[in-house]
Amino acid sequence: MKLFIKTIIIFCIPVIILVGVYVWGDPFKVIHSYDIYLSDYIMLSRGYVSTKVFLKNNKDYHYNSFIFGSSRSTAFTCKEWQKYLATDCSAFSYGAWNESIEGILRKIQFIDSMGNIIKNAIIVIDTDMTFKKNNNSIDNDHYLISGKTFSQFHLKYFSEFISNFRLMRTCVDYKLFKTRRSYMKDFIGMNIGDLDPINNDWLPNNEDKIIKDSVEYYSKSINKFYKRSKTEMESGTQINSDDSLKLQKINLIFRKQKTHAIIIIGPLYDQVRFNKKDLQILQSVFGTENIFDFSGINDITENMYSFSSDAIHYRGRTGNRILKSIYKLPQSTMK
Amino acid sequence: MLFNSIDFAFFLPIVFILYWFVTNRNLKAQNLLLLIASYFFYGWWDWRCLLLLIIISTSNYFVGKWIDRNDLNNKKKIWFTAGLVINIGILGIFKYYNFFVDSFVNLISLFGYNLSKASANIVLPLGISFYTFLSLSYLIDIYKKNLDADRNIIEVLLTLSFFPIILAGPIQRPSSLLPQIAKKRVFIYDQAVDGLRQILWGLFTKIVIADKLALHVDDIFHNVSAYSGSTLLIGIIFYSLQIYADFSGYSNIAIGIGKIFGFNLMQNFAYPYFSRDITEFWKRWHISLTTWFRDYIFLPISFNVSWIVKNDRVIFIKTEMFIYIVASIITWFLTGLWHGANFTFIIWGMIHGFFLIIYQWQKSPRKKLFKKFGITNKNPIVIIIETLITLIIVMIAWVFFRSSSIHQANLFIAGIFSSSLFSFPQVLPKKVILITILFILAEWLQRNKQYALQVENVKYRIVRWGIYYGIIVLIFLSLGDSQQSFIYSKF
């Protein structure tokens, strides 16, 4: 028996070291709790961080107004939205990178199960993302949202850690010597923005650069702003019966909670219009007056400065403009 | 609790330490510990189903005693029948109630009567088919006097709920497990190391092979009409490998766990896809179930029919063949039904039954034909052709096994045999195919061993450990994908 135990211990040493390094380095920030989740180390799962921040602050801030959606929903900040809400409203940006309708539903169900009041909600829909099939973004989300077990959740991240040798090396090297080296560039020094520790707003750090010299800033990525057709294209139908059921489930919670819900179909650089049939489904579920469609060719999408330099996301100021138009006019006039 | 979960990774070492370090001097304490661990393991999933397991195993203990006690009078048969009714009744209610009710209502509707369906929302307890079969063997063996019922209750309860085999076998007969439980176990280094190696191989086949293939199989089977014949063919090849890797993986883990606790559990798989005929396939696939059906269903039916039929021929068929056909049809109908409450499983069973009958029927003409043309049984071309034919039969049957309905299975088979069979497959995951080929190669090279990772004869430890670490890394790399439960634990 002694020989057996000794052999097992010796055999397990490399595995124990690996697990130890992972727990100590915590590259995805999923092991320990943090006051502030900065993203300069590696790109964190915003879905996970959102739930962590929500759980941490909910008791103190009693969130009752929520913004849901993908990275594009970060253009809508709680700080700006709060201007249009009643004084007793406490807003929280509950988004996730590549968020799907499944992820949005689960988050709303989670908030509801936590006993929170949902007074106001903004759901940001992407023509090319929200209803996309095989969107597995929920896999990276917090286990309370994804429905995975605690162990499945951690195994997933651990597996990601050991599948990338450079990440492992970076984790040890940077933790020990706090020095940024060239090989670490995929994981450290991304520094593209911060997350607000209270309302979880994404605060991109390129906005200052754009304001300072937008011509110079956009010139570096001008090739991303390709020439678009003058004829408006329409996306294919995406909302199937499964998605429709999810939308109805969302609406059921909203009706129960008497939520004032706004559904925003975001503006995209490709100017593809959200499918008419899909739009009708959204309208039939949430009411025509609550749907605001900014897709297709319009003032916002015509202007390249509405978008970030990646041409994929729209800027915070675009989000502010949209909010302003929504709260000024009961129905969108941006057709 | 699943073998491929983190929870189990904590559970097993704790039980191991308590078993060999705390309770090792007292056999009763060791057995009690294993029983508690087994209940904990099973109850982790759903404590209500644990209650059912305790009720079934306890009632079988007492029924067994009463059968034994009334050996010399008529009550023996009554208690035995009562025991069978309890076990089959519980299995029927929990597994087949909705199936039978719905089938009955559908049948009645064919005659113009409309009855409302009274489907019930019944939770299917994990492994119920396995532990009721264990219980049935226990009672049958006592009834046939192959087993002594005068045992310690803890030993019997442990036999009927031993955690490595409770969810998906091997269906270790109580006549073989009880004596091991009743005897003091000794720690043997080589056996324990072999057990760990077998667990590692089981985890590898489950997590790296079966779960990876499952992602593509699920997609293809959910979108049958959207895929070409060539893709559907890939789908069924993948599924054939997935179910083998999944179930043999489970069995290897179970047997490996048995070994580290000092038990010898029966081999459940012996490289079945390398079989050259369907009979051989069933001698190598799910051996514990096949032998169970052989001993408790097929042979008793054959025996009884042979008593009834006294003529040389029945409807132009030789009596021997007739008995084989009757026994096969009943056995394979029940084998199919055992797997699940769906007509697809029954058809799967009947396909195998049919080809087993065909195989039996052609044995003699085949022999004559081979003799006439001077072909030996060891001719490699014949072996390859026969192995391929066996594989094709098995794979076609798997289509029914995997499909949610007969309609879907027909659609799948029609899709395979369409002109699009010759188009380029829409799903061709290169990495998965590469690792699966390596897996098949390992299985082929090690086909004379109990499992493919039995590399204890490799001289250098560094090579052996290198192989183990390589497998562990592959397991860790695959853990990120969604964790799948074992296919057979649902039966």
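Predicted model: local features only at pLDDT ≥ 70, side-chain atom pairs only at ≥ 80, totals over all residues.
User: Nice. Which strands pair with β3(A)?
Analyst: Strand β1(A), residues 65-69, pairs with β3(A) in the parallel sense over 4 bridges. Strand β6(A), residues 260-265, also pairs with β3(A) in the parallel sense, over 6 bridges.

User: Great, switching to chain B. How do helices α3(B) and α5(B) sit relative to each other, parallel or perpendicular?
Analyst: The axes of α3(B), residues 47-69, and α5(B), residues 128-143, cross at roughly 5° and come within 9 Å. The two helices are therefore roughly parallel.

User: And which residues meet there?
Analyst: From α3(B), the contact includes Leu53(B), Ile56(B), Val63(B) and Ile67(B), and from α5(B) it includes Tyr131(B), Tyr138(B), Leu139(B) and Ile142(B). By class, the contact residues divide into 9 nonpolar, 5 polar and 1 charged. Asp68(B) in α3(B) is also part of this contact.

User: Zooming out, how is chain B divided into domains?
Analyst: Domain 1 of chain B spans 6-185 and domain 2 spans 191-490. Their C-alpha centres lie 26 Å apart. The contact between them takes 23 residues from domain 1 and 23 residues from domain 2.

User: Which elements of domain 1 touch domain 2 in chain B?
Analyst: Those giving two or more residues to that side are α1 (6-22), α4 (75-110), α5 and α7 (163-166) of chain B. The side of domain 1 that touches domain 2 has 14 nonpolar, 7 polar and 2 charged residues.

User: Last topic, the contact between the chains. How many residues does each chain give?
Analyst: Chain B gives 15 residues and chain A gives 14 residues. On the chain B side, the elements that give two or more residues are α1, α9 (189-222) and α18 (461-478).

User: Which of those has the largest share?
Analyst: That's α18(B), with 5 residues. The side of chain B that touches chain A has 11 nonpolar, 3 polar and 1 charged residues.

Terms used. Residues numbered from 1 in each chain as written. Chains lettered and ligands numbered in written order. Pairing = 2+ DSSP bridges. Axes fitted to C-alpha atoms, helices over the stretch in contact; angles between N-to-C directions. Parallel < 35°, antiparallel > 145°, perpendicular 65-115°, else oblique. Contact = placed C-beta atoms within 7 Å. Nonpolar A, V, L, I, M, F, W, Y, C, P; charged D, E, K, R; others polar. Domains from an automatic or database assignment.
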